[in-house]
Amino acid sequence: MISWSQLERFRGCLFLTSSRVQSLDPTMLSHINMAVNLHELNNQAKLKVWRAALRNSAGSSTVLDGFACDELDTLANRKTNGRQITKAVQTAELLASARGERLGYAHIMQALDAMEGFERELTVMARSENWYL
């Protein structure tokens with residue numbers, strides 16, 4: 001972990017990313033010279049990310065052939081970002097591999113549903129007073 005004193009003495013350009021900007025400490029914000037807000041991907045952009053992630057999965061360019069256009073559209077309509085798409089494909093690959101199956105739509109959906117369930121639980125816990133216990 002990096003301490004405040006190390007950050008204050010740092011000379012150069014440092015890129016920090018967060019999807020939880022609202023939880024940043026005001027002191028931290030006072031040290032930021034430039035902030036860039038990256039907007040959500042639209043469905044067309046997400047479709048490109050899904051295609052690329054599936055094309056690159058497990059080194060097989062033929063995986064994408066197993067997905068119907070409506071399945072890809074359904075994936076693009078999910079509320080996801082590029083990082084989540086990549087993680088969903090990686091998790092789905094592990095599921096398929098553990099079952100001795102070829103990566104498919106059902107594996108992706110199971111991975112996405114699990115990720116979303118975890119995020120919902122985390123949100124509920126964060127709203128409670130003792131979420132850190």
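My entries below go from helix pairs to the pocket.

I'm working on a predicted model, where local features need pLDDT of at least 70, side-chain atom pairs count only at pLDDT 80 or more, and totals for chains, interfaces and linings use all residues. Residues are numbered from 1 along each chain as its sequence is written, and side-chain values use heavy atoms, with hydrogens and water left out.

**α3 and α5.** I started with helix α3 (residues 43-56), which packs on α5 at an angle of about 30 degrees, the axes being 10 Å apart. Helices here are DSSP runs (H or I, at least four residues), numbered from the N terminus. The axes are lines fitted to C-alpha atoms over the stretch in contact, and angles run from 0 to 180 degrees between N-to-C directions. α3 and α5 are therefore roughly parallel to each other, a label for angles under 35 degrees. α3 passes α5 in a right-handed crossing, meaning that the near helix is turned clockwise from the far one by less than a right angle. I find Lys46, Val49, Trp50, Ala53 and Leu54 of α3 in contact with Gly82, Ile85, Ala88 and Val89 of α5, contact being heavy atoms within 4.5 Å. Those residues divide into 7 nonpolar, 1 polar and 1 charged. For the classes, Ala, Val, Leu, Ile, Met, Phe, Trp, Tyr, Cys and Pro count as nonpolar, Asp, Glu, Lys and Arg as charged, and the others, Gly among them, as polar.

**α3 and α4.** Next I checked α3 against α4, where the angle is about 115 degrees and the axes are 8 Å apart. The crossing of α3 past α4 is right-handed too. From α3 the contact takes Asn43, Lys46, Leu47, Trp50, Arg51 and Leu54, and from α4 Leu72, Asp73, Leu75, Ala76 and Asn77. I get 6 nonpolar, 2 polar and 3 charged residues there.

**α4 and α6.** Helix α4 (residues 69-77) and helix α6 (residues 105-127) pack at about 10 degrees, axes 11 Å apart. Glu71, Thr74 and Leu75 of α4 meet Tyr105, Ile108, Met109 and Leu112 of α6.

**Met115.** I also looked up Met115, which sits in helix α6. Leaving aside neighbours within four places in sequence, Met115 is in contact with Gln84, Lys87 and Ala88. Met115 and Lys87 are 28 residues apart in sequence, yet 9.2 Å apart in space, C-alpha to C-alpha.

**Pocket.** Which helix gives the most to the lining of the largest pocket? It's α6, with 8 residues. α1 (4-9), α2 (26-30), α5 (82-98) and α6 each supply at least two residues of that lining. I noted that the lining residues divide into 22 nonpolar, 13 polar and 8 charged.

How values were computed
Parallel < 35°, antiparallel > 145°, perpendicular 65-115°, else oblique.
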